Amino acid sequence: MFEAAADALFLIAQPDRLGWMVLGCAVGLVVGLLPGLGGTVGMSILLPFVFGMDPYSGVALLIGMAAVIHTGDTFPSILIGVPGSSGSQATIVDGYPLARQGKAAMALGAAFFVSMIGGLFGAVVLFGTLSIARPLVLALGSPELFMLAVFGLSMVGILSTGSPLAGIVSALFGLIVGTIGGAPGVPVYRYTFEWLYLFDGIPLAVLALGLFAVPEMLDLLAQRTQIAQGAKLTGSRLDGIRVALRHKWLIVRSSALGAALGILPGIGGSVIDWIAYGVTKQTVRDNENFGKGDIRGVIGPESANNAKEGGALVPTLIFGIPGSGTTAMLLGGLILLGIQPGPSMVKENLDVTLSIVWTLALANVLGAAACLVCAGWVARASVIPATRLVPFIFVIITVAAYQSTRHWGDIIILLVIGVVGWIMKQAGWPRAPMLIGFVLSLVTERYLHLSMSRYGLDWLLFPSVLAILALIVIALVAGLAPNRLHRKPAGEATLRSDP
Amino acid sequence: MTKTVAMRSAAAAMTALAFTWIGAEVEAQENYYAGKDVEFIVPYAPGGGNDTFARLLQSQYRACMPEAASIQVVNIPGGATVIGANEFELMREPNGLSVLVTAGTTSYAWMLGQQGVRYSPRNWTPVLGLPGGGVVYVSPDTGVKNIKDLVSTDAELVFGGISATGLDLLGLLTFEILGIETKAVLGYEGKGPVQIAFQQGEINIDYQTTPAFNQLVRPQVEEGTAIPLYTAGMVEDGQLVRDPAFPEFPSFLEAYREARGSDPSGPAWEAYLALVSSGVSAQRQVWMHGDTPPEALAAMKEATACVVEREEFYQQGKEILAGYEPIVGEPLARNAAAMLSVSDEVLTWLRRYLNEKYELELSE
């Protein structure tokens, strides 16, 4: 295996293949940087070009792009409080308050550094689990996947401390919004009002932009200030790296969590950063500053969202089952290159798989380095007055939302959700639980339906199901108990970004 | 007064002259597609099998239609291909510049009268079809070793699928025709997860299409953890014949004969033949509007004939063609006719069967 890995490094180190990787990275960073555009958009840009390329060059291009999406998407999340892609929403919670305190450069430095470590971690996990992931994936049937989705939902409790009830209501609302469109298993369409646009449900990017970006922009305009209050910047990128190094165990923990959750098919990449945020908040001491600009709230999700890409490649390559939207399209890309993912990826096509591992590692280092170089310069965007910045960002948000299906419905729904998000922000209702409910809605319903139609009620007593249930109870108790001990003075919702 | 008449006739003469001149220009360029932009509409998101097939076609048609200014793949995903197919029918001019690349799902949604369908393949003309079959296989845990065991077993048979209105309908109908009881667990995200469920033992009988069978199931057949029973077969001149990708496996017709000792008949069997015509014999199809100008249709057919002659088509498309030969011309037209001439009686039976057995609400 290690010898083969060395051979694969030579394969990937050809100048032309390195060139493709650099090009992929460039596309990935730009797509990540633009709010709302994520890996799936990057893939649709690149897929037409890979046809007829040799597999190693094609892989270098596609993986180079996918690897750095979650590095580049940190910029808008921290600087303007707008998710750069659907995988970097949790970064906003603490990253944006840091930018408002003028510490954008420090937050970015820490984020890029841990993104790189997380990405490398993901590559190592991909390499290490290729031959042993099979039994793990095979151990998870529909009942277990349902329970894992419920575990994801239980994060809502942690993310809405101060107002658990508002959090639960918000999550339920998200679950209902998530049922709009086609039901799993039957050609029944719900809450569509015979409008064809809604047959596929509301696109995640539109919901995320509407919920987080639009309200933020409206408030910035209303306050007529700049993002960094006082318009001065303190802290540097190097400070960020130094701070991150002080939390090395947090980086390792979050990376491991991200990679492990990435391996599980069916959970979906866009909740992993939230779960990582929730777990970070739960497992560190003195967490009362979370939501108001705690750098650990940036380190946790940023390590996890880069690490998950390596994990998500495991089921994609071995079983041909995508672990995230990006890998779903990567699957198509591999077929375009003449590689059919499946068990052969660890046998005949091992060299391709290993070149994927190397590309993932190299691209993460390259992407983080590029971002670190630019960070100091880009951080100054946070001192631009809102009246100049907002119209520009509004255009980007609208165009990005329109990329989801290129149907005018995208714009309408963006505005509707934007108003809902703004009202929720004004009323102090947490918005993250709604997003988690939305993302997990289909997954929860699908696996509950499958479990019931396969096993009736018997699955409730499966040992594996009970084990995950115990985990959920522990997470809930741990999440709610400390709050009862030292209740916070004012009932701030975690996600209120106003300091 | 006479002056105006003269002027009018002069203008008419000049217009006529201009038209003949333009006509000559078009004739000189010969090809209808010269300088035009052509789009291949794919009713799926990028990255799936159909998208891959369309991109293969894009590169091949580029070589065979060098006159065209551009050939683009346009993805219009959503509603199980209904949104893209609707858009093709309702919002694209029948000028030959838009073609639709479908998989069986699009025809099935129309046959079953699903919600939102505003198109009808009866208004379209096929220019290229690609067969794509599949295999029904079973887990040895059921004790079933061959087709005879399948119809006499007491073991609980659990079939896994995405939806009873998609390609899984083929597998489900074979069980209905054989008269065996299976529990259908539907709602999986794709056929990949279904195969995992098979390996887990969550389900124990499954239908997989050719590329997936070769890649994922064959190793299990060699290990002895999966037993192939029959292929869906192909419809050729109204007869169900063996799948050319699996000459070693019996078609469903042969399997039925062996199990029941007679030939199948009745509305279920007729429905099955129509579903095989539209979802297997030409699993992927390239369509143009039925009222496309004849010169556009002729140019597209000429380019298609060129595409299926190209060696690169088969080299680059090795994975996606999965060993099948594309069908064009007369055989393709016959196949489409077989699918489109399915009687209302059979369709009503099919919808009622789905409504009753799978608790759907299809309009009968």
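## The open sheet of chain B

In chain B, five strands are arranged as an open sheet with mixed pairing, and their order is 2-1-3-12-4. The model described here is predicted. The edges of the sheet are held by strand 2 (70-75) and strand 4 (124-130) of chain B; each has a single partner strand, so one side of each lacks a neighbour in the sheet. Direction ignored, neighbouring strands of this sheet are turned against each other by 25° on average.

## Strand 12 and its partners

Strand 12 of chain B (residues 284-289) pairs with strand 4 of chain B in the antiparallel sense, over six bridges. Two residue pairs can be named for these strands: Pro126(B) stands opposite Trp287(B) of strand 12, and Leu130(B) stands opposite Arg284(B) of strand 12.

Strand 3 of chain B (residues 98-102) also pairs with strand 12 of chain B in the antiparallel sense, here over three bridges. Thr102(B) stands opposite Gln285(B) in strand 12 of chain B. Is strand 12 of chain B enclosed by the rest of the structure or left open? Six of its six residues are buried, so strand 12 of chain B is largely enclosed by the rest of the structure.

## Chain B as a whole

The secondary structure of chain B consists of 15 helices and 12 strands. Its C-alpha trace extends over about 95 × 45 × 35 Å along the principal axes.

Chain B has 364 residues, of which 51% are buried. When contacts in chain B between residues at least 6 apart in sequence are considered, 75% of them join residues at least 24 apart.

## The contact between chains A and B

Chain A and chain B each contribute 42 residues to their contact. On the side of chain B that touches chain A, at least two residues come from each of helix 2 (49-64), helix 3 (82-91), strand 7 (183-186), helix 7 (191-200), helix 8 (210-223) and helix 13 (318-321) of chain B. Helix 7 of chain B gives the most to this side, with six residues. By class, the side of chain B that touches chain A holds 17 nonpolar, 18 polar and seven charged residues.

## Helix packing in chain A

Two packed helices are described by the angle between their axes and the distance between the axes. In chain A, the axes of helix 10 (residues 164-178) and helix 20 (residues 432-455) come within 6 Å and cross at roughly 40°. The crossing of helix 10 and helix 20 of chain A is right-handed.

The contact of helix 10 with helix 20 of chain A comprises 11 nonpolar residues, six polar residues and no charged residues.

## The largest nonpolar core

The largest nonpolar core has 280 residues, and those touching the most other members are Ala107(A), Ala110(A), Leu209(A) and Ile436(A). Helix 7 of chain A (residues 104-129) provides the largest share of this core, 18 residues.

Which residues does Leu209(A) touch, not counting residues up to four places away in sequence? Leu209(A) touches Pro35(A), Gly36(A), Val214(A), Ile397(A), Ala400(A), Ala401(A) and Leu414(A).

Notes
Residues are numbered from 1 along each chain as its sequence is written. Chains are lettered from A and ligands numbered from 1 in the order in which they are written. This is a predicted model: local features need pLDDT of at least 70, side-chain atom pairs count only at pLDDT 80 or more; totals for chains, interfaces and linings use all residues. Axes are lines fitted to C-alpha atoms, for helices over the stretch in contact, and angles run from 0 to 180 degrees between N-to-C directions. Helices (H or I, at least four residues) and strands (E, at least two) are DSSP runs, numbered from the N terminus. A crossing is left-handed if the near helix is turned anticlockwise from the far one by less than a right angle, and right-handed if clockwise. Ala, Val, Leu, Ile, Met, Phe, Trp, Tyr, Cys and Pro count as nonpolar, Asp, Glu, Lys and Arg as charged, and the others, Gly among them, as polar. Two residues are in contact if their C-beta atoms, placed from the backbone, lie within 7 Å. A residue is buried if 20 or more other C-beta atoms lie within 10 Å of its own, exposed if 12 or fewer, and partly exposed in between; C-beta atoms are placed from the backbone. Two strands pair if DSSP finds at least two bridges between them. A nonpolar core is a set of buried Ala, Val, Leu, Ile, Met, Phe, Trp, Tyr and Cys residues joined through C-beta atoms within 7 Å.
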